[in-house]
There are 2 protein chains.
Amino acid sequence: MKPDALFAHTDLHAFCRDVFEHHGVPRADAEQAAAVLLHADLRGVDSHGVARLLAYHGMLASGRIDPRPRIEIVRESASTATVDGGNGLGLVVGPAANRIALAKARTAGSGWVTVRNTNHFGAASYYVLEALAHDVIGWSMTNSTKLVAPHRGAERMLGTNPIAIAFPGHEEPPIVVDMASCTAAYGKVEIARRRGRAIPRGWAIDAAGNDTTSPDAMVEGGALLPLGSDDEGSGHKGYALAVMVDVLSAVLSGANWGPFAPPFTIQQEVPKRSVGRGIGHFFGAMSIAAFDDPLEFKRRIDDFARTLRGTRSRPGHGPVLVPGDPEREAEARRRVAGVPLVDAVVRDLASVAEATGVALPAPLG
Amino acid sequence: MKPDALFAHTDLHAFCRDVFEHHGVPRADAEQAAAVLLHADLRGVDSHGVARLLAYHGMLASGRIDPRPRIEIVRESASTATVDGGNGLGLVVGPAANRIALAKARTAGSGWVTVRNTNHFGAASYYVLEALAHDVIGWSMTNSTKLVAPHRGAERMLGTNPIAIAFPGHEEPPIVVDMASCTAAYGKVEIARRRGRAIPRGWAIDAAGNDTTSPDAMVEGGALLPLGSDDEGSGHKGYALAVMVDVLSAVLSGANWGPFAPPFTIQQEVPKRSVGRGIGHFFGAMSIAAFDDPLEFKRRIDDFARTLRGTRSRPGHGPVLVPGDPEREAEARRRVAGVPLVDAVVRDLASVAEATGVALPAPLG
């Protein structure tokens with residue numbers, strides 16, 4: 001296989017920003033949207049970064065996403081808000097809604113915001129890392145286009161519905177949880193498909209609802225399985241998490257929930273039924289100072305993280321990590337060495353460059 | 001095998017209440033504690049109900065739990081509180097802290113309470129069902145005595161750390177999520193052990209950290225595995241959930257976190273290090289009216305639940321359920337037919353009856 005080309009994250013950021021601006025997204029919002037995308041690329045969440053720019057481009061070019069959305073609070077209390085995202089980019093609506101949650105945490109101790117009429121918001125970890133800068137424990141969730149079968153179900157009904165939350169350390173780096181509620185990310189199935197490899201049993205079912213190790217069978221009408229995969233693995237638990245995320249993000253806000261979440265690209269089929277507006281997100285913000293002295297808390301996080309890393313490893317397994325460790329290591333590496341992009345993504349970006357007239361940056365070295 | 005004896009839940013409730021009262025727990029608190037225990041028995045969460053009475057009895061009799069705790073708020077904001085449970089029964093401290101969260105939801109839109117210096121609080125679903133009666137979306141979590149290995153780890157470092165959340169329907173029953181963050185409950189390993197059966201691969205490791213299908217090997221120095229079980233199953237996600245629960249319940253509140261959570265029975269070894277007070281819980285309460293019209297929300301929950309139940313089933317699998325369905329069916333059955341108790345539990349209760357002088361109720365029929 002051809003090795004991945006490496007690009008400077010700053011070059012990719014500028015490219016994304018200029019593409020968004022080309023579509024009428026105001027400069028500051030275009031900067032914001034590019035920052036969310038590059039966050040994913042730097043942290044190794046490759047499926048949620050610039051690899052999605054072509055999809056955003058298509059949605060903006062076809063008028064399916066509003067480049068200048070009116071984002072408004074439609075109901076609120078001291079510690080909560082329901083936000084209508086005006087069908088803007090999730091990469092812009094998400095950060096705005098997250099800021100509302102952070103502002104409420106400052107005044108009421110915590111802030112909880114459900115968002116409707118929005119679109120895909122990138123990697124969930126972006127939002128919780130923003131919160132950390134304010135000494136706030138941040139939460140983020142989103143529903144998304146259907147890909148996952150309910151436990152015991154044979155068809156796609158729920159999105160990969162991620163949950164993120166982060167806790168700051170004092171001397172140690174933060175603990176950052178960011179996990180989809182299905183067993184394996186769709187991106188991993190795509191990688192296996194590109195390489196012509198089988199996927200492990202427990203990741204997916206085929207269109208008939210039978211277990212499959214064929215990535216093609218999953219992509220062509222099959223479905224991903226919820227975390228836990230089957231009866232013995234407690235797939236009902238991953239399913240329950242996906243349900244929780246869908247309710248908090250979409251049912252509560254008045255967005256399209258479950259199988260009715262609109263598609264992410266202009267190529268995908270639009271669901272026959274609409275049960276709300278756009279997709280939905282959910283953000284939480286808990287001021288640490290509202291619960292304890294922040295320094296005391298952070299020192300305990302240090303101790304907790306070190307204790308977990310000190311766990312004796314299983315034979316043949318690597319060291320025990322703390323959630324967020326792999327992504328932080330990826331970020332340290334990629335900030336210096338560049339962001340690797342597979343050939344298919346580079347071709348996608350080239351087609352965006354051609355359509356918009358924004359010059360594609362050159363790869364490094 | 002001998003069939004399980006059936007007991008009226010009202011008889012078991014009175015028995016538990018009287019045992020708690022025998023130990024100096026005030027009458028109202030004893031009623032409360034018994035109600036939490038019987039909730040678990042009615043809903044089929046057998047490991048968290050009267051099966052634990054002997055353990056509570058032992059802790060009270062030995063003075064390790066305070067029957068008349070001073071429960072106090074040590075820090076608070078409009079929407080948050082940190083509570084010290086005074087080393088009381090979790091079955092009493094938990095409901096008191098949950099009421100604080102509910103009161104804050106009434107005044108600030110939401111309430112979030114972390115609790116230290118408490119003990120095991122029964123089934124997490126009790127608290128979120130209490131919230132539903134107030135048109136509140138309730139959350140509950142707790143850390144617990146170590147039983148689960150971190151992903152790739154060979155030793156017990158975390159509790160089974162459950163997460164519960166519930167959403168009310170209008171015509172449909174509520175959606176109730178209540179899940180431990182490990183693949184299989186310890187109770188299931190115990191059942192396999194009693195029956196001399198193997199457990200599925202992916203549930204547990206032995207003392208050396210190798211996969212095992214022997215329930216004895218898990219019980220005797222092994223560990224449960226986090227939801228997802230292994231690298232291919234994304235065991236790092238179940239581990240991340242367990243970490244989240246431990247931080248919100250114990251690190252945030254100043255309780256003993258991770259491997260230092262104190263034991264549940266007087267027989268278990270006390271950890272060599274103390275890093276806080278007691279164990280910890282976490283409760284959340286979100287007023288539905290703070291986000292949307294409650295009736296509109298409940299109608300959407302009806303639609304969502306019906307849509308999920310309408311999912312085509314996988315070949316050879318039962319119908320697709322909604323989280324909470326199995327427990328609700330168990331409760332409807334057991335309210336009428338009685339609560340089945342295995343012989344070992346009946347013997348435990350008989351020993352409590354003998355030690356306290358409270359008469360053990362007779363089985364039904």
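What percentage of the 365 residues in chain A is buried? In this predicted model, buried residues account for 61% of chain A. The legends below describe selected views.

**Figure 1. Overall fold of chain A.** Chain A contains eleven helices and twelve strands. The C-alpha trace spans about 55 × 50 × 50 Å along its principal axes. The radius of gyration of chain A is 20 Å, in agreement with the value near 21 Å that a compact globule of 365 residues would have. Among contacts in chain A between residues at least 6 apart in sequence, 63% link residues at least 24 apart.

**Figure 2. Strand β6 of chain A and its two antiparallel partners.** Strand β6(A) covers residues 163-167; three bridges connect it to β5(A), residues 136-142, and five bridges connect it to β7(A), residues 175-179. Both pairings are antiparallel. S140(A) lies opposite A164(A) of β6(A), while I165(A) has V177(A) in β7(A) as its bridge partner. Five of the five residues of β6(A) are buried, so the strand is largely enclosed by the rest of the structure.

**Figure 3. The open sheet β9-β8-β10 of chain A.** Three strands form this open sheet in the order β9-β8-β10, with antiparallel pairing. Strands β9(A), residues 211-212, and β10(A), residues 223-224, stand at the edges with a single partner strand each, so one side of each has no neighbour in the sheet. Strand β8(A), residues 204-205, is joined to β9(A) by two bridges, and I205(A) stands opposite D211(A) in β9(A).

**Figure 4. Members of the largest nonpolar core.** In soluble globular proteins, nonpolar side chains tend to be buried together. The largest nonpolar core in this model comprises 236 residues, of which A33(A), A166(A), L224(A), A33(B), A166(B) and L224(B) touch the most other members. Leaving aside residues up to four places away in sequence, A166(B) touches residues including V128(B), L129(B), L132(B), I137(B), P174(B) and V177(B).

Definitions and conventions: Residues numbered from 1 in each chain as written. Chains lettered and ligands numbered in written order. Predicted model: local features only at pLDDT ≥ 70, side-chain atom pairs only at ≥ 80, totals over all residues. Pairing = 2+ DSSP bridges. Helix = DSSP H or I, 4+ residues; strand = E, 2+ residues; numbered from the N terminus. Rg over C-alpha atoms; globule rule 2.2 N^0.38 Å. Buried ≥ 20, exposed ≤ 12 C-beta atoms within 10 Å, placed from the backbone. Contact = placed C-beta atoms within 7 Å. Core = buried A, V, L, I, M, F, W, Y, C linked by C-beta atoms within 7 Å.
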